[in-house]
There are 2 protein chains.
Amino acid sequence: MKKTSSRTQGSRYYPKRYDFDPAARNAILDEGLVCHVSFTIDNQPFIIPTGYCRVDETLYLHGSVGSHFFMEMAKGIPVCVAVTHLDGLVLARSVFNHSMNYRSVVAFGKTRLVESDEERWLAAERFTEHVIPGRWADARQPSKSDMKKTLFIAVQMEESSVKFRAHGVGDDAEDMGLEVWAGVLPLKQVPQAPETDETGVKGIPVPDYVMNFKRG
Amino acid sequence: MKKTSSRTQGSRYYPKRYDFDPAARNAILDEGLVCHVSFTIDNQPFIIPTGYCRVDETLYLHGSVGSHFFMEMAKGIPVCVAVTHLDGLVLARSVFNHSMNYRSVVAFGKTRLVESDEERWLAAERFTEHVIPGRWADARQPSKSDMKKTLFIAVQMEESSVKFRAHGVGDDAEDMGLEVWAGVLPLKQVPQAPETDETGVKGIPVPDYVMNFKRG
């Protein structure tokens, strides 16, 4: 992971808001469920939100063989991938010092169509286990026909940066006497009660890995 | 809002997953707190996660006058802006039919530096009220010096699309007899208990608009 390119340096370098430790980056990536992938066609930027998983320095994406965007990525194009967790609203005494607590990764790389059966299978398994650990062994694993309908794209992270804010209110000294409530309102992605699909075999209990699902 | 360009049509047109109703788009945008903005420099795509607000057909972003990315956007460049809500994990009997419930907007437009004092003030107010309605009237509003340090960027949405999935498990008929639990695990962004900043004036109660904060 390079550290110093203008792609990832940040123009206003707040040391406490950047982290180039791969472990910090991986923790953010491994907690996320959706990434945003951006790429360029004829100088027009595009974004797609999509699922992903990380294996070492590679992010895997997958999509339908009929997807225009995935066919574009199959050509091998530069992309930028972002994963962002919003952790809270920072409500300062002054509007100007309002902020958000967040953790984000922005990674740069080139797409590669995954062609070998072994790597495609690895990507399918890791993807499933990334989203909800325990599911791969429990659900019906992909058939040859399922795999034929799916494109897997690998993005090796050539460069990436981690940015975060994880502290309290930062008001200016002259605002500290204001009679305005200030603080942080934390936000958290919380699983709700599972909704069982009642159309198949009856009486199958909700698995522990669903009941106990949590991220972060 | 144009409907038919290749930018927003979707290559595999699932009618039930697209919605070109401006009200559906606005509901998703108005619920979101963070967007991802993508743009291109020398054919390299970039993404930044950032706050935003919507006023009619315009999205407003703001950043520091020292920010490289905001200075780039001040030039007037094509951008793609995405807002995504993840609503749940769809756990089918087969791995292949796993999915996510989500709502997303992808909007295309060109950036414009906001120059008039009136529009800059409007953007500041709407931004604050977008994040947490009630805050603008309560907090110390921006001074001239605060405003000088801030760039406001407008993106008029020339074109946009809404994509969503909001239904249950879609397994193939031949998988319906499998003894695998299937269903949806809903996910929700939930505010946690507010954390009061104790360094200023004591005894200010947490405002109702903080206690009762909710989105969607």
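1. Quick definition before we start: two strands pair if DSSP finds at least two bridges between them. With that in hand, look at Lys188(A), which stands opposite Val190(B) in S10(B). Bear in mind throughout that this is a predicted model.

2. That residue pair belongs to a strand pairing across the two chains. S10(A) and strand S10 (residues 183-191) of chain B run antiparallel, with 5 bridges joining them. Since the cut-off is at least two bridges, the two strands count as paired.

3. Now the rest of the interface. On the chain A side, 80 residues are in contact with 80 residues of chain B. Several elements of chain A each give at least two residues to the side touching chain B: the strands are S2 (34-41), S3 (44-51), S6 (78-91), S7 (99-113), S10 (183-191) and S11 (195-196), and the helices are H3 (117-131) and H4 (135-138). The largest share of that side comes from S10(A), with 9 residues.

4. The C-alpha trace of chain A spans about 65 × 50 × 30 Å along its principal axes. Of the 216 residues in chain A, 39% are buried.

5. One last number, on contacts inside chain A. Taking those with a separation of 6 or more, 72% are between residues 24 or more positions apart.

Key: Residues are numbered from 1 along each chain as its sequence is written. Chains are lettered from A and ligands numbered from 1 in the order in which they are written. This is a predicted model: local features need pLDDT of at least 70, side-chain atom pairs count only at pLDDT 80 or more; totals for chains, interfaces and linings use all residues. A residue is buried if 20 or more other C-beta atoms lie within 10 Å of its own, exposed if 12 or fewer, and partly exposed in between; C-beta atoms are placed from the backbone. Two residues are in contact if their C-beta atoms, placed from the backbone, lie within 7 Å. Helices (H or I, at least four residues) and strands (E, at least two) are DSSP runs, numbered from the N terminus.
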